[in-house]
Amino acid sequence: MKRVLLTGNGAAAWAARLAEVDYVPAFPITPQTEIIETLAGWFARGEARGRLTTLESEHSMVTAAAAAAATGVRVFTATSSQGLLYAMEMLFAVPGWRAPFVLVNVSRAVATPITLEPDHTDILATRDTGFVQIHCATCQELLDSILIAYRLAEDKRVRVPVIVNQDGFYLSFTREPVDLPDAEAVRRFLPPFDPHGTEFRASKPISQAVAVLGGAPYSYFRYELHRSVMQALPAYEESAREFAVLFGRRHPAVETYRCEDAEIVYFMIGSFATKAKDAIDRQRDSGLKVGLVRPRLLRPYPADALRHALAGKRAVAVIDQKDEGSAFHAPAWCRHRDVRRLRWARGAA
Amino acid sequence: MCAGCGGLEALHEICDVLGRKTVFVNAAGCMTLLASYPFTPFRGSWLYTSMASAPAGAQGVRDALDILRAKGSITAEEDLATIVLTGDGAAYGMGLSATSAAIERNLDFLYICYDNEGYGNTGQQYSGATPHGALTPTSPGAHGYEGEKKDLFAIWVAHRPAYAATVIGAEPLDLARKIERAAKLKGPRLILALAPCPTGWDYDPRHSVTIGRLAVRSGVWPLKEYVDGKVTHTRIPRPRAPVEEYLATQGRFAHLFAPERNESLIAQIQARVDDYWKNVA
Amino acid sequence: MALTPQVLRPVAGDGRERRRLRRRAGAAARLTGAIGRTSLERAVRAEVASHGTGAVESSLAEAVAAFDAMVLHAGAVPEGATIGAAGYSAPDWIDVSADDVLIAAPDIRGAATSEASMTGSWRTSRPVIEHDRCNRCSWICSTLCPDSAIGVDPDHTPRIDYDHCKGCLICVADCPPHAIRAEPEHRASAEAVSP
């Protein structure tokens with residue numbers, strides 16, 4: 001293991017390299033492009049073994065990613081913002097293929113107006129797609145989360161693709177110290193890709209992702225997808241625990257900071273939450289009892305862990321890096337629809 | 001598929017030649033319903049993708065198979081020919097970008113388009129492949145469709161693919177020869193099959209082959225192939241049957257003949273066909 | 001044959017089915033005991049008005065006759081008890097197990113499973129081969145069949161697979177010696193049942 005200065009994009013590329021991904025279908029978009037350029041360079045110079053193909057759109061890119069995963073190889077891809085939205089039809093479609101792969105999103109605000117600034121409107125639009133979704137606050141966490149994501153996606157109980165999100169500019173282009181695990185240790189954490197029966201071979205004819213006409217069978221397949229995504233909750237705990245044993249870094253599904261005696265907690269995701277830690281320290285100095293609840297795993301929603309973290313708190317300040325359309329005139333404390341649902345479910349608690 | 005489907009007839013003949021070591025990557029269209037849980041008619045494999053991105057799905061499958069071969073994880077016996085199966089709706093329109101890019105990447109795939117000259121699966125609304133004057137639910141006026149049929153064969157040829165051919169199920173020997181030839185080549189290969197459609201073109205299903213033969217004999221559907229930079233016609237109809245013999249068989253052109261003959265529209269269609277064959281040796 | 005796209009639109013139900021619906025409505029109204037004759041008549045008039053006075057009068061007659069015929073069973077279908085949410089607990093049969101992806105993905109693992117889909121039931125006409133006229137060319141009808149429903153024996157005798165033949169009659173139209181004839185399906189299948 002060595003300690004290096006890496007940008008978020010550099011960390012993402014290193015994670016794909018350490019995971020020994022076979023295939024990278026790619027399409028450039030700011031602020032993600034550096035990831036695929038780094039991988040392209042390594043592949044061309046033989047420093048990493050893999051194949052990169054540029055598709056002509058993100059919609060095609062996600063199709064190619066899932067198709068390659070469905071054939072039986074380990075796949076990595078990345079996009080942002082407009083590209084994530086362009087792929088949206090396929091983001092809804094491919095979890096149901098039950099072919100695992102990892103997509104890194106470098107979050108960036110969406111048009112209109114067209115911009116390069118970071119926010120979470122793009123990634124939060126994918127909450128209902130069926131992808132497992134992990135949010136990272138540091139470059140180290142990003143690298144680690146991508147490795148955990150492969151374990152999770154390829155887990156027999158799960159077998160759905162995973163999105164790992166890093167914030168554009170704040171992480172993607174900012175150098176932070178990162179411990180690079182060595183390849184052998186990663187191989188112990190991540191066994192070789194096992195298609196688990198989902199593959200194309202001449203001797204085993206299979207028709208994948210076929211049309212299903214009829215309400216009951218359709219509902220069965222959709223509900224099974226939901227059940228499998230929910231299995232990512234225990235599977236995440238196990239993967240993260242084993243990661244901690246091998247690499248010494250803990251990444252629970254929900255991070256809490258100075259929450260134990262907090263009266264008010266901030267609820268934030270991603271690297272913007274690191275600013276909250278700074279604010280909390282200063283507010284604590286002036287006597288306010290505040291803390292931070294930061295979900296890393298956003299889908300499946302870690303409801304039990306969040307209920308535990310929020311229990312007994314007087315107030316929750318949900319600070320979204322996203323506008324929900326109608327929140328144009330909203331005050332600083334925006335309503336996060338997931339937290340709202342959680343509080344409904346809690347009832348009087 | 002509907003009874004008498006010209007597209008299915010072509011696919012039947014194509015599969016007889018290709019065999020079962022295949023994976024069909026499908027774009028949304030009539031034939032999406034060929035594999036409908038739990039029934040598939042294929043002896044090989046199948047992957048449904050979306051309307052716009054079947055060629056990208058084929059790219060992913062082909063790249064993954066190549067990776068597995070290079071790693072030694074699979075043998076040549078386990079490898080599969082990657083085939084896109086698409087209707088004209090995706091091929092001439094929504095999927096054209098993905099198709100063009102796949103050819104340009106020199107993807108090794110066979111691309112089969114069953115062309116029933118409209119968006120068949122939704123009720124034969126007009127598409128980029130609809131011929132001039134055809135009555136469709138979205139071109140219901142006295143003139144029928146005002147546009148012209150896009151020349152997909154020429155678009156493919158402009159990309160200089162490994163192979164391109166037009167075929168029709170009504171001419172099985174010509175079709176079989178072309179599939180055998182295409183199957184031996186590597187790279188992007190187009191098989192464009194005119195698919196007479198009883199439901200969409202409005203005729204008794206038993207006439208699919210008769211109408212297919214008339215499409216060829218009237219010169220409306222040229223049988224040709226492109227390979228090594230050259231286009232060769234594999235059938236030059238001599239004499240060419242008048243185009244109205246072909247048009248009169250189908251309800252979608254009935255307005256050309258009743259309540260009275262639309263001489264100018266028939267002449268327009270004939271002139272365009274004549275113009276095409278003028279430039280053919 | 002009518003040659004317009006209107007042919008493709010679904011055909012409306014016939015008069016008998018509409019009359020059955022009016023009678024059922026009248027009977028159902030009486031069974032609940034909660035819908036009176038006047039309300040029934042008002043509803044029938046409103047629904048059928050667009051079909052003209054004749055249709056309204058005949059529909060009313062049907063509905064009211066059925067209403068009256070149910071007099072002995074008036075109110076036989078009572079209103080159910082109100083279901084309250086207090087004390088509700090989810091039945092434990094709702095949960096579906098998380099199946100392995102080998103089952104839970106919309107995949108078909110196998111070849112040609114469509115042999116089990118009896119598309120022969122679509123037929124309204126069936127092709128019948130007259131073997132004494134057949135030249136045993138070995139390939140024409142079997143190749144042109146879109147559904148691959150004609151097999152050929154080693155001695156070149158063609159055999160139609162009636163489980164899957166949709167009755168398009170392309171083979172009838174294109175057999176060069178005209179050795180295949182078309183028969184109405186209802187007659188052919190009746191003959192098949194009674195030897």
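**Reading the chains and their contacts**

Author: The secondary structure of chain A consists of 13 helices and 14 strands; helices (H or I, at least four residues) and strands (E, at least two) are DSSP runs, numbered from the N terminus. This is a predicted model, in which local features need pLDDT of at least 70 and side-chain atom pairs count only at pLDDT 80 or more, while totals for chains, interfaces and linings use all residues. Residues are numbered from 1 along each chain as its sequence is written, and chains are lettered from A and ligands numbered from 1 in the order in which they are written.

Reader: Why does the radius of gyration of chain A agree with a compact globule?

Author: The radius of gyration is taken over C-alpha atoms, and the globule rule is 2.2 Å times the number of residues to the power 0.38. For 349 residues the rule gives a value near 20 Å, and chain A agrees because its radius of gyration is 20 Å. Along the principal axes, the C-alpha atoms of chain A fill a box of roughly 65 × 55 × 45 Å.

Reader: What share of the residues in chain A is buried?

Author: A residue is buried if 20 or more other C-beta atoms, placed from the backbone, lie within 10 Å of its own. In chain A, 52% of the 349 residues are buried. For chain C, the share is 24% of 195 residues.

Reader: How is the secondary structure of chain C arranged along the sequence?

Author: Chain C has seven helices and five strands, and its pattern reads α-α-α-α-β-β-α-β-β-α-β-α.

Reader: How many residues of chain B and of chain C are in contact?

Author: Two residues are in contact if their C-beta atoms, placed from the backbone, lie within 7 Å. Here 32 residues of chain B meet 28 residues of chain C. On the chain B side, helices H1 (6-18), H7 (198-202) and H8 (208-217) each supply at least two residues. H1(B) gives the most, with four residues. By class, this side has 17 nonpolar, nine polar and six charged residues. Ala, Val, Leu, Ile, Met, Phe, Trp, Tyr, Cys and Pro count as nonpolar, Asp, Glu, Lys and Arg as charged, and the others, Gly among them, as polar.

Reader: Which residues make the contact of H2(B) with H4(B)?

Author: The axes of helix H2 (residues 54-71) and helix H4 (residues 96-104) of chain B come within 7 Å and cross at roughly 35°; axes are lines fitted to C-alpha atoms, for helices over the stretch in contact, and angles run from 0 to 180 degrees between N-to-C directions. H2(B) contributes B:Pro55, B:Ala56, B:Ala58 and B:Gln59, and H4(B) contributes B:Ala98, B:Thr99 and B:Ala102.

Note on methods: Buried ≥ 20, exposed ≤ 12 C-beta atoms within 10 Å, placed from the backbone.
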